Every structure is written in structure tokens, then in C-alpha cells.
Amino acid sequence: MRADGNSKKELDSVMAIEKNAKNKAEKVTGRRGENHFRRDTKQGVCPVAKKCGGCQLQGISYEKQLEKKRMLVKQCVGDVRVLPVIGMTDPLHYRNKVHAAFGRDKKGNVISGVYESGTHRIVPVDNCMIEDVRADAIIATIRGLLKSFKIKTYDEDSGFGLLRHVMVRTAHATGEVLVVLVLASPILPAKNHFVKALRAAHPEITTIVINVNDRHTSMVLGERNILLYGKGYIEDELCGNRYRISPNSFYQVNALQTSVLYEKAIEYAQLTGTETVIDAYCGIGTIGMTAAAHAKQVIGVELNPSAVKDAIANARRNGCKNIAFYNEDAGDYMRKLAALPAGERVPVDVVFMDPPRSGSSEAFMDAVALLVPKRVVYISCDPQTLGRDLAYMRKHGYRPKECQPVDMFPYTDDIENVVLLEKTIHNYKEKINKRQTETERTGKRNESKGKSGIVRSGNRGHQKELRKVRTAPGSGRPKTSKPKSDQRNH
Ligand code: SAH
């Protein structure tokens, strides 16, 4: 660990943050009792802080939280200029996505809240200082309705009961509200009356969906959604575009700070309107669509089919014609693109990469290096995997120039970062070309033998499409092949 001139005490506390972060699995969001929370923040400690474990920085002033996060980032990313963390003016009730687990206490009363750290015991919570207040109120109402509708909560041990979780998503700019009832089976008794009662109590709700999760799993959502009311998704506005967000698609939890993050990412990309840009791990296409206004063309790649469907609809909705989406593993896509002969493939100028917590893959980063973009803008919610991947990118000739931490998650030990990487090794192109020639040879050999290999691992039509993303003369827009099922938007 680098000292950075800080006292041992400070470093110990950063170590504790790191340890906490490691221990924290994908869990139901921490919820807090706002009524008990003192807003001077210095001493304010939520009454269920320990049991919940969601907010690790309780009782620490916000300024101090930002300092701690910056130190943690510095330690993780190595020799990179780390700017001061951009914090929130009002760091409370920022979470636009709220999960509540439902169950019963020892007396048989219905409870809702979060799982106690490391267990499946529910800690009852009514109000939380980091969650949207509308979401908390809706969850409390649902808890109250269960008895009169004779809806049983699901018991994980016995497998009996119906209601497992409730997820509420709120849109910051439009005010739309999505309620997802996660049920163990698709049948909700008296569903129309239930919807009516819930809407009467909360007219702000714009859509209600049943999500069926009949598996013995710690994942909150299952794959099947049944529409009960409204359009089945919410729409929000971000950086001048409007986005539809379905229950299963990823959307950043802090809308205000997401704008800050994206603006920085676009600034780092230094787009002039002539570039071909890749938005890898694109989710519902938010970064790509923000970049598209400043670039010649954008290609978004995303694994989750529901998110790609949203992304395609979003591009249409925003009239964004210079963007195409691929529903594929980002590493596989990049590998296939890099395996095309240099003269035939799309020249890539800038890559945005925004992988999940586990970070990117070596296959992805190897392919990025082969494509030789001038800049890579890496967005990360995990400083540890970010540090690991930056070190790998350095070996490939990409120097991390600057890191901007953005506090998307006040009171927790999570921190989002955006890093600008620039290609630095001058003879790297030669090295890459040599490697690429080898790759092409390997690929062609595999193809000629009719075996699966780099070139043939996907479908060949897909390769053709990679070749076809070209700018139509004079139009400044990409001319693409026919739409291919739900994989692309034009
Ligand atoms: N850039 C988006 C989403 C970031 S979250 C935004 O800012 O909203 C990370 C995204 O990566 C998720 O949508 C997840 O579904 C996707 N993902 C995870 N593993 C992937 C992989 N191997 N290839 C492509 N996308 C992946």
C-alpha cells in the first residue's frame, strides 16, 4: 500500500473500507431509518446500520467520506493523477432503485426491509436515508395491503408463499414510477383490485409489473415479467436524451451524478464529430447515445438482451441514427472485430468501456489493443478491478492519464471512476500489426479447415455486419445492413 503522506490511522480506515467492499456481495440495498438520522451527518447513525451493513460510512462527515474515497482510489489505481472526488450537494435519498425483501417476524407479522449482512434474515426498515422517499412509502403501503388481499409472503425455507420482493424504480427527471412485485408464481389473487388499491394510495405510480422468480436463488429478479398496469417500463431523461428503462435493465442508481459522470467521460473522449466510437458494456445505450451527438458513428455492445431491446428503442425515440447495437459478450465482439483484416474493418478511434464490478476481460482488452484506438475511457464502479485492468492496459501501451472519481453512492464505500487512457508506445502499432497478421493467419487457417476458431466462432453474417458499418458518402451517417432481429436499431 502506498503511503501518500497519510497517517497510519487514515490508512487503516481505508483498509477497513476495502475489506468491507470485498465482503459485500451483490446484496439488497441498505435502507436506513430516516427518522432516527441526524442531518448534521457527523454523528448521525442509522439505527439498523450494523445489521444492514449497506452504508459503511455512517457517522462520518460527507467531506471526510469524499477524502477517504479518494485515498482508496489512489491506492488502487497506482501512478495516475486522481482528481478530488466530485460529491453531491445533497447526498441523501439519491437511490432511484429500491429493493425490499418481504417475510414475517417471529410473531408472524409481515415485515419488509433488507437482509442482515451475510444472512437471509430480514431487518425491518421503513425509511432509508439514501433511498427515494416515494419508493419507501410505496413499499410500506404494499406491506399494509397484504393482509386484506390475503397475499402470503414467500418463505425461503419451506418454499411456500407468494411475495418475495418489491422493487421500485423512480425516474428523476420525469417523475415516473415503476413497481415490480417479485412473486414465486405468476398468479396474484385479485390482481385488478390490488392494482386499484395501490394506485389509489400512490397516484404517482405509472406502471406495475409482476416479475416471476420461482427459483431457489439469491437473485432478486427472475426473467419473466407480466404487465399489470401502464407500459411496463419508466422513462427518464439524461444528458438531453430520453431513455426507457425496463425492470431487468441496468440503469445507474443516482441520476444527478450520472450526468456528471457522463459529461466527464465525453470530455475525456475529445470527440470532434469524425470518430468511430465503441460503447462497450453499453446497458440501455446511455453513454453511446450521449457520445453519438459528438461522433461520426457509435457501436454499442451489451450482453443483456432486455437492455439491448431498450437501447434500440431509445435510439429510435431520440432520433439517434448513427448508432448500432450488438447483443453479445463485449470480449467476443471485440475479438471478432480485431480479427478482421485491417483494411476491411471499422476503424475504431475511441472506446468507452463500462464493465460490471468484476471488471473487464483480458480477451476484451487484448482486442482493444489490437484495434489501436487513440483513447480509451474506462468507467468503473470498483476501484480494485479498475486498478487491475489499468495495469493490464498499461502493458498494452495505454497509459492512464487522469482519473476522476464521482461519488454516486454517498454513505457507502462504493465509488465510481472515469479514467482517460491514451496510447503512448510509439512503435506499438508495428507490434500490433505483427500480432494481428498472426491472428489473421490463425483465423484464416481455422476457417480454411472448417473448424471453429476466432473468425468462425460467431456467425459469419455478423462479421459482414461489422464490415458494413460504414459512413454513407456525404451523409455523415453510417450505412448499415438490414436490421437483424432485435440486435440492432437500423
Ligand atoms: N454503460 C451502462 C451500463 C453499465 S453496467 C450505463 O452506464 O448505464 C454494466 C453493463 O455491462 C450491464 O448492462 C451488464 O448487463 C453488461 N455486461 C456484463 N457483462 C458483459 C459482457 N461480458 N459483455 C457485454 N456486456 C456485459
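Here is a chat about the sheet and the cavities in a predicted model.

Trainee: Okay, which order do the strands of the open sheet come in?
Mentor: There are 8 of them, running β1-β16-β17-β15-β14-β11-β12-β13, and the pairing is mixed.

Trainee: Which strands stand at the edges?
Mentor: Those are β1 (81-82) and β13 (323-327). Each has a single partner strand, so one side of each is left without a neighbour in the sheet.

Trainee: And in what sense do β11 and β14 pair?
Mentor: Parallel, over 4 bridges, with β11 covering residues 276-280 and β14 covering 350-353.

Trainee: Which strands does helix α6 touch?
Mentor: Helix α6 (residues 255-269) packs on the sheet and touches β14, β15, β16 and β17. Its direction makes about 160 degrees with that of β16.

Trainee: What about helix α10, what does that one touch?
Mentor: Helix α10 (residues 362-371) packs on the sheet too, touching β11, β14, β15 and β16. The angle between the directions of α10 and β14 is about 165 degrees.

Trainee: Switching topic: how many cavities of 30 Å³ or more are there?
Mentor: The count is 2.

Trainee: Which residues line the largest cavity?
Mentor: Y115, H120, E156, R164, H165, T217, S218 and M219. By class, that lining has 2 nonpolar, 4 polar and 2 charged residues.

Technical notes. Residues numbered from 1 in each chain as written. Predicted model: local features only at pLDDT ≥ 70, side-chain atom pairs only at ≥ 80, totals over all residues. Heavy atoms only, no water. Pairing = 2+ DSSP bridges. Helix = DSSP H or I, 4+ residues; strand = E, 2+ residues; numbered from the N terminus. Contact = heavy atoms within 4.5 Å. Axes fitted to C-alpha atoms, helices over the stretch in contact; angles between N-to-C directions. 1 Å grid on protein atoms, 1.4 Å probe; cavity = no way out; pocket = protein on both sides within 12 Å on 5 of 7 lines; lining within 4 Å. Points joined across faces, edges and corners; volume = space filled by probe spheres on them. Nonpolar A, V, L, I, M, F, W, Y, C, P; charged D, E, K, R; others polar.
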